Amino acid sequence: MITLAHFVGLSFVLFTIGVVGVLVRRNLLTVLMSIELMLNAVNINLVAFSRQLGDLTGQVFSVFVIAVAAGEAAIGLAIIISLYRLKTSVNLDDAAEMKG
Amino acid sequence: MEPALFFFWAFAAVTVVGAVGVVVMRQPIHSALFLLMSFLGVACLYVQAGAELVAAVQILVYAGGIMILFLYTIMLVNVRRQRTERYLHFQAIPALGFGFLFLLVVGGVVVNEARALAAKVPAADPKALATTVIDGVTVLGNTQAVGWMLYRDYFLPFEIASVFLLVAMIGAVVLGKRTMERFD
């Protein structure tokens with residue numbers, strides 16, 4: 001039987017992969033993809049708890065999370081394109097103007 | 001092993017392999033394709049958890065919309081001409097160590113708590129979840145039940161989300177359109 005712990009464990013693994021991706025990668029596109037992985041992990045948790053508790057609120061909120069993820073991806077990618085115009089690079093290390 | 005559990009592990013494997021591929025692949029286009037694989041795996045898991053509407057939205061919005069945005073951006077920034085990223089950044093080893101510890105310690109605690117909760121609160125019947133009676137009307141199916149809740153109990157957040165999407169769209173257009181002179 002699939003239990004709550006299965007879903008929560010999987011979502012935790014996915015979240016950790018996302019965190020490590022954000023920390024390790026220097027390519028802005030891949031960093032944004034890792035953020036999407038973390039949002040997906042959160043959604044798995046919401047749906048799993050909704051299933052366990054018999055309350056649809058979790059599914060409603062995971063739809064909201066998906067909407068926010070869509071907006072975040074649109075803005076993030078527009079920022080990447082602006083940065084590319086400015087620097088002809090999408091490497092995070094090239095955007096170091098604020099470094100002290 | 002019962003079939004449901006077998007499929008759970010299969011979808012979980014697809015999801016995790018896709019996620020690892022996103023982080024490991026050097027070319028962003030390969031990362032994007034692995035990301036698609038991960039999204040589809042997650043959608044299958046939603047179906048298994050009885051959230052058919054969320055699964056459909058996941059495929060439409062993530063695998064359809066966000067994926068296309070990523071592919072367009074990869075095309076526009078001409079990644080092949082980029083200087084190749086140093087594979088093992090100095091941050092990589094502490095980050096991997098942190099990830100491992102995070103997974104082991106916090107993950108262990110969270111999974112144990114989930115197990116304790118599942119033992120205390122028995123899982124709800126999925127059929128009862130999909131056929132609730134709201135105001136004397138029998139709601140049939142997950143999509144109708146979630147839609148009912150979305151428009152009735154969460155109407156204001158729903159409208160705010162639509163305004164948010166409009167703002168995001170205008171912001172993306174403005175950011176993408178403006179020509180900026182180079183500093184360097």
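Let's start where two helices from the two chains come together: helix 2 of chain A, residues 28-53, packs against helix 3 of chain B at an angle of about 175 degrees, and their axes are 12 Å apart. Angles over 145 degrees count as roughly antiparallel, so helix 2 of chain A is roughly antiparallel to helix 3 of chain B. Keep in mind that this is a predicted model.

Who meets whom here? On the chain A side, helix 2 brings L29(A), M33(A), E36(A) and V47(A), and they meet V54(B), I66(B), F70(B), T73(B) and I74(B) in helix 3 of chain B. Sort the residues of this helix-helix contact by type and you get seven nonpolar, one polar and one charged.

Now zoom out to the whole contact between the chains. Chain B puts in 77 residues and chain A puts in 64 residues. On the side of chain B that touches chain A, at least two residues come from each of helix 1 (3-24), helix 2 (28-48), helix 3 (52-76), helix 4 (92-120), helix 5 (126-130), helix 6 (142-152) and helix 7 (155-177). That side of chain B is made up of 59 nonpolar, 14 polar and four charged residues.

Finally, take a look at chain B by itself. Chain B has seven helices and two strands, and if you walk along from the N terminus, you pass its elements in the order α-α-α-α-α-β-β-α-α. Of its 184 residues, 22% count as buried. And if you take the contacts in chain B with a separation of 6 or more, 44% of them link residues 24 or more positions apart.

Terms used:
Residues are numbered from 1 along each chain as its sequence is written. Chains are lettered from A and ligands numbered from 1 in the order in which they are written. This is a predicted model: local features need pLDDT of at least 70, side-chain atom pairs count only at pLDDT 80 or more; totals for chains, interfaces and linings use all residues. Two residues are in contact if their C-beta atoms, placed from the backbone, lie within 7 Å. Helices (H or I, at least four residues) and strands (E, at least two) are DSSP runs, numbered from the N terminus. Ala, Val, Leu, Ile, Met, Phe, Trp, Tyr, Cys and Pro count as nonpolar, Asp, Glu, Lys and Arg as charged, and the others, Gly among them, as polar. Axes are lines fitted to C-alpha atoms, for helices over the stretch in contact, and angles run from 0 to 180 degrees between N-to-C directions. Angles under 35 degrees count as roughly parallel, over 145 as roughly antiparallel, 65 to 115 as roughly perpendicular and the rest as oblique. A residue is buried if 20 or more other C-beta atoms lie within 10 Å of its own, exposed if 12 or fewer, and partly exposed in between; C-beta atoms are placed from the backbone.
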